[in-house]
Every structure is written in structure tokens, then in C-alpha cells.
Amino acid sequence: MYLARVYVTLKPTVNDPQGITVLGGLKSLGFESVSEVRVGKFLEIRLDEGDRQRAESEAKEMCEKLLANPVIEQYSVELVELPE
């Protein structure tokens with residue numbers, strides 16, 4: 001069994017209006033050292049799969065088919081083996 005930690009973020013060239021809004025909020029709260037904010041998604045997916053390569057392949061396929069928009073987003077997958 002594996003836990004896939006999936007991080008989905010906008011590509012660096014894509015404008016991030018939500019990040020700009022959060023940046024403004026942080027600045028208004030006095031956090032002047034913050035220079036940039038990018039907002040993304042974090043997902044944890046438990047996979048009942050015994051083979052590590054297969055679990056990683058499935059997680060990446062999920063990202064490509066549903067979890068990330070490949071035109072504007074990038075993703076990374078971190079796989080952790082869980083005790084059974």
C-alpha cells in the first residue's frame with residue numbers, strides 16, 4: 001500500500017491571481033518580507049497497490065487525466081510506502 005502525495009502548481013509563466021490576492025493580504029497584515037505567493041493544490045491518495053512502479057505510474061496517470069491541467073499546471077508525485 002502506498003500514499004501518493006501530489007503537488008499541483010501553476011506553471012511559472014502562468015499568471016496567478018489567487019497568489020496575487022494572498023500576497024496583498026499578507027502585505028496588509030504586515031508581512032513585508034513576502035515577495036511572491038503561488039497557490040496550488042495538495043492531494044493525498046492511498047493506493048492499494050503492492051508494486052511501487054505501478055503505484056507511481058497510476059498516480060502520474062491520474063494527474064495527467066484529471067488532477068492537473070497540463071496546459072497551465074505542473075505536478076509532482078511523492079510516493080510513501082505504508083505499513084500493511
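## Basis of the model

The model is predicted: local features need pLDDT of at least 70, side-chain atom pairs count only at pLDDT 80 or more, and totals for chains, interfaces and linings use all residues. Residues are numbered from 1 along each chain as its sequence is written, and side-chain values use heavy atoms, with hydrogens and water left out.

## Overall fold

The chain has 2 helices and 3 strands. Their order along the sequence is β-α-β-α-β. Helices (H or I, at least four residues) and strands (E, at least two) are DSSP runs, numbered from the N terminus.

The radius of gyration is 16 Å, whereas a compact globule of 84 residues would have one near 12 Å. This radius is taken over C-alpha atoms, and the globule rule is 2.2 Å times the number of residues to the power 0.38. Along the principal axes, the C-alpha atoms fill a box of roughly 50 × 30 × 15 Å. Contact means heavy atoms within 4.5 Å. Of the contacts with a separation of 6 or more, 71% join residues 24 or more positions apart.

## Surface and charge

Of the 84 residues, 27% are buried. Buried means under 20% relative accessible area, exposed over 50%, and partly exposed in between (1.4 Å probe, protein chains only). The accessible surface is about 5,900 Å², and carbon and sulfur atoms hold 53% of that area. Areas come from the Shrake-Rupley method with a 1.4 Å probe; for residues, only the protein chains shown count as cover.

There are 10 positive and 15 negative side chains, and the centres of the two sets lie 4 Å apart. Lys and Arg count as positive, Asp and Glu as negative; His and the chain ends are not counted. Each charge is placed at NZ of Lys, CZ of Arg, CG of Asp or CD of Glu.

## The nonpolar core

The largest nonpolar core has 13 residues, and Ala 4, Val 6, Ile 45, Leu 47 and Val 77 touch the most other members. Strand S3 (73-81), S1, S2 and H2 each give two or more residues to this core. A nonpolar core is a set of buried Ala, Val, Leu, Ile, Met, Phe, Trp, Tyr and Cys residues joined through side-chain atoms within 4.5 Å.

Beyond four places in sequence, Ala 4 contacts residues including Ile 45, Leu 47, Ala 59 and Val 77. In soluble globular proteins, nonpolar side chains tend to be buried together.

Leu 3 lies in strand S1. Leu 3 counts as buried because its relative accessible area is 6%. Its C-alpha is 5.8 Å from that of Leu 79, 76 residues away along the chain. Among the residues that Leu 3 touches beyond four places in sequence are Ile 45, Arg 46, Leu 79 and Val 80.

Arg 5 sits in S1 too, which spans residues 2-10. Arg 5 is partly exposed, at 25% relative accessibility. Its contacts beyond four places include Phe 42, Glu 44, Ser 76 and Glu 78.

Glu 49 is in the loop between strand S2 (40-47) and helix H2 (52-67). Glu 49 counts as buried because its relative accessibility is 13%. Beyond four places in sequence, Glu 49 contacts Met 1, Tyr 2, Arg 54, Ala 55 and Glu 58.

Leu 26 belongs to helix H1 (residues 17-28). At 26% relative accessibility, Leu 26 is partly exposed. Leu 26 touches Phe 31, Val 34 and Val 37, leaving aside residues up to four places away. Val 6 is 20 residues from Leu 26 in sequence, and their C-alpha atoms are 26 Å apart.
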